[in-house]
Protein chains: 2
Amino acid sequence: MSLHSVIMAGGSGTRFWPLSRRVTPKQLLAITSDRTMIRETAERLVSLTPFATQWVVCGTVHADAVRKELPELPRSHILVEPVGRNTAPCIGLACIHLLREDPDAVVCVLPSDAHVSDAADFCRHLARAEAAAKAGFITTLGIRPSRPETGYGYIQTGKSLEVGAGMAVHRVERFVEKPDLATAQKYLASGDYLWNAGIFVFSARQMLAAMQKHMPELYTSLMALGENIGTPGYDARLAELYPRMPSQSIDYGVMEKEKDLAVVPSTFGWSDVGSFAALPEVLGVDEHGNLVRGTALLDGCRDCVVDSRAGRLVAGVGLGGLMVIDTKDALLVIPKDRAQDVKTVLEQLKKKGREDLL
Amino acid sequence: MSLHSVIMAGGSGTRFWPLSRRVTPKQLLAITSDRTMIRETAERLVSLTPFATQWVVCGTVHADAVRKELPELPRSHILVEPVGRNTAPCIGLACIHLLREDPDAVVCVLPSDAHVSDAADFCRHLARAEAAAKAGFITTLGIRPSRPETGYGYIQTGKSLEVGAGMAVHRVERFVEKPDLATAQKYLASGDYLWNAGIFVFSARQMLAAMQKHMPELYTSLMALGENIGTPGYDARLAELYPRMPSQSIDYGVMEKEKDLAVVPSTFGWSDVGSFAALPEVLGVDEHGNLVRGTALLDGCRDCVVDSRAGRLVAGVGLGGLMVIDTKDALLVIPKDRAQDVKTVLEQLKKKGREDLL
């Protein structure tokens, strides 16, 4: 029952445009350090799951880049999705591959593009989740909230569980969707709610059993595909079966329906780095509230985010709460509180046929 | 008594950074059209003073670029200042050269970097000023103000003058410095005040006589230099004498002291295009108040100025009253009402030793 990790790298990461593009989504970018997010994620796991026991699930167009970023991983551990199908098929795909290598595999699945400030603490919590998984629980890491965030889903904790010695493990009372501000404030005040970071630890066999129960159609497709692993017909079968799998999240497809779920309340400093506006929280700011990456000259600017790593000097005068993201061929200027609206830019670029910038 | 024009191109034009640089100041940039300001100025004059009768006074580092921009001008008509000495020495220098070609020269001196919306109307006013100059007046074109502008000097008109037939010519009552807003509003309401556009028409001989009277030191230097024109010793003499000439404006040094001054009230649509913030007035705006040059995608932006002619796409979301000026190696983001503060950026660049960007 050894631990494996599955890094989910299927995201298209449009919210980091113009840094992120179709061919280089967020996980393949150096957003929070000078290493790519996926490389950071893999290195963070190494003390618990060495590279030889790490897996990545990613899209066709990103497979080469992932292999280049993580050359230590066995080639067979880079699993390619012909199309994105959300997290349930992604995790199912990983499970059928894993079980051929290790029928007793315990798996940690996690996003490829989140930030963790304390890697050692992260691993301690993950080891605890591994113990809970080995005791029979599909286990998740729930992040102790530091603010009434409306951008994350939450996990309500239930009764405390006895799972050997160490930090607390609780039953999951329920998963809840992104709340409004008032609800988020209630969650924060109650102390019973944790952020859902999309990090799950479980026995692969148990996960497939849960899929059989809650997502039988998916399960059937996975079994049909599983027979072809290691055969010349695998790619064709994958291309045939995968697009037809239900596009559903593991949260909705399995977690919200399962009973025996555990959660490890965690405090390792976590962010999904949902947009440039999340960077100050992760990377810190100077005495004027500004965060600068690259070369910038800010005069009388407050609470700005500047990324000018493309080499050009960015000069800002008298700006407040503004983000300036400069790349070789495109520049974005957007208020911090409009960060999500970068998608409208992408829609318009698409309309205008500027595929070169997407 | 034929007309010549002298285009004063000594400006360093820092207010258009990052478009303008030491080697390419405003007059050498395509700011208001796809032609450089100096080329526009020269072409505007052609119907009154053909290229063969045009002169330019410019700095050493710009001489080659000016020759390239205005290949039609006789090489001897590009007069190079070893250092900038404001407009009085500049005009004096032009006069001593001009008088060697045409002892009865009437001269129109004007800045190289102003915008005129109606060139034909401009030439009609200039012809009228020529007539007044030939009648013995140092004459200026005064722009009928359209708003209480505090960025320009003003000319108070006096009694009407009889100078042949045609549009009105007045005596100049006085020149006044840039006023505060209340004073500018009074000026506008009175109808007696015109903007000082720095455009003067006069007999070269008469101008030198005025300098002899009001700026005797300058006059002496000019006469000493004049003896060397056309000799091998000219450049050395220029380098010796010019830097010691008083750095003074023609307005302060001559105009404010002269009695026989005339002004032609003018309506040809003029702007000194003092900064990027002046561009909307000159070039117009779209239905959202935005002015875009180059490729930009603006979503929910109002009253913005974007120059992205360096080729990069500029995407703006939810911006108001902001200017984004993108060049190959530097980008400026600054509120419209802070346009003048671009100079602080230049000071800081200098401090940081970024001579490459100045």
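In the predicted model, Gly316(A) lies opposite Val333(B), a residue of β17(B). Strand β15 of chain A (residues 313–317) and β17(B) run parallel and are joined by four bridges; strands are DSSP runs of E of at least two residues, helices are runs of H or I of at least four residues, and both are numbered from the N terminus. Two strands count as paired if DSSP finds at least two bridges between them. Residues are numbered from 1 along each chain as its sequence is written, and chains are lettered from A in the order in which they are written. Local features of this predicted model need pLDDT of at least 70, side-chain atom pairs count only at pLDDT 80 or more, and totals for chains, interfaces and linings use all residues, while side-chain values use heavy atoms, without hydrogens and water.

Chain B and chain A each bring 33 residues to the contact (heavy atoms within 4.5 Å). About 2500 Å² is buried between the two chains, 65% of it from carbon and sulfur atoms; buried area is the accessible area (1.4 Å probe) lost on putting two parts together, summed over both. Of the area that chain B buries against chain A, 24% comes from Arg312(B), Val317(B) and Leu331(B), more than from any other three residues.

Two salt bridges cross the interface (a side-chain nitrogen of Lys or Arg within 4 Å of a carboxyl oxygen of Asp or Glu). A salt bridge links the side chains of Arg312(B) and Asp326(A), with an N to O distance of 3.9 Å. Elements giving two or more residues to the side of chain B that touches chain A include β13 (296–299) and α11 (342–351) of chain B. The largest share of that side, six residues, belongs to β17(B).
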